Amino acid sequence: MAEKKRRGEDDGDERLNDDATVDDVADDAADADEPVSRGGTATRKRAHAEPAEGRKTRKDTERIGLFARIARFFREVVAELRKVIWPTRKELLTYTAVVVTFVAVMLAIVAGLDYGFAKAVLWVFGNPS
């Protein structure tokens with residue numbers, strides 16, 4: 001079983017050597033000033049996307065009318081529905097049977113628990129009639 005390194009032990013750790021140069025110390029100090037987010041990779045600079053010169057803004061274009069937006073919505077819905085992989089008739093019947101069977105089993109369990117708790121409550125508190 002391998003022993004784990006403990007804090008304070010400098011078993012060949014280069015950061016703890018006295019032979020560190022001034023450049024190494026300066027790099028470590030610069031790295032310490034930069035924030036590091038959890039779970040990600042620390043980078044010095046983030047690349048920002050430059051806005052395209054030809055990009056039109058909302059101010060440059062006219063606002064699209066209500067009916068045009070509704071028509072666009074329906075065109076996109078039809079386009080998405082064409083991408084769907086529809087089940088075959090056999091698959092559809094199988095899935096339907098599985099769902100109906102599962103619902104029937106859950107209904108039986110809930111009905112049984114309801115009946116049992118009702119009988120238990122009547123037994124504990126007595127029958128009012």
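**Notebook: salt bridges, helices and surface**

I began with the salt bridges, and the count comes to two. The model I am reading is predicted, and I keep that in mind for every entry below.

**Entry 1, Arg72 and Glu76.** I looked up the first pair of side chains. Arg72 and Glu76 meet in a salt bridge, 3.1 Å from N to O. Both residues belong to helix H2, and they sit four residues apart, about one turn of the helix. Arg72 has a relative accessibility of 47% and so counts as partly exposed. Glu76, with a relative accessible area of 42%, is partly exposed.

The side chains of Glu80 and Lys83 form a salt bridge, with 3.2 Å from N to O. How far apart are Glu80 and Lys83 in helix H2? They are three residues apart, so about one helical turn separates them. Is Lys83 buried or exposed? Lys83 counts as exposed because its relative accessibility is 60%, and the cut-off for exposed is over 50%. Glu80 has a relative accessible area of 46% and is therefore partly exposed.

I searched the whole structure for aromatic pairs and noted one. Phe73 and Phe74 make up this pair, which is edge-to-face, with 5.4 Å centre to centre and 70° between the planes.

I next looked for nonpolar surface. A patch of about 960 Å² is made by Leu66, Phe67, Ile70, Phe73, Phe74, Val77, Leu81, Val84 and Trp86. Phe73 and Phe74, the residues of the aromatic pair, are thus listed among the patch members, because the patch is made of nonpolar side chains that include Phe. I took Leu81 as one member to follow up. Leu81 lies in helix H2, which covers residues 66-83. Its relative accessible area is 45%, so Leu81 is partly exposed.

I listed the secondary structure of the protein chain and got three helices and zero strands. From the N terminus on, the order is α-α-α. Helix H3 takes in residues 89-125, 37 residues in total. From its first C-alpha to its last, H3 reaches 54 Å, close to the 54 Å expected at 1.5 Å a residue. I also checked what comes after H3. Gly126 follows the helix, and its phi is positive, near 85°.

How many of the 129 residues, as a percentage, count as buried? I noted 0% for the protein chain. The accessible surface of the chain comes to about 13,700 Å², and 59% of that surface belongs to carbon and sulfur atoms.

I closed with pLDDT. The protein chain has a mean of 75, and 50% of its residues reach 70 or more.

Notes:
Residues numbered from 1 in each chain as written. Predicted model: local features only at pLDDT ≥ 70, side-chain atom pairs only at ≥ 80, totals over all residues. Heavy atoms only, no water. Helix = DSSP H or I, 4+ residues; strand = E, 2+ residues; numbered from the N terminus. Buried < 20%, exposed > 50% of the residue type's maximum accessible area, 1.4 Å probe, protein only. Areas by Shrake-Rupley, 256 points an atom, 1.4 Å probe, with all protein chains shown as cover. Expected span 1.5 Å × (residues − 1). Patch = residues over 30% accessible without salt bridge, like charges linked within 9 Å, V, L, I, M, F, W, Y side chains within 5 Å. Salt bridge = Lys/Arg side-chain N within 4 Å of Asp/Glu carboxyl O. Phe/Tyr/Trp six-rings, centres within 6.5 Å; stacked < 30°, edge-to-face > 60°. pLDDT = per-residue confidence, 0-100.
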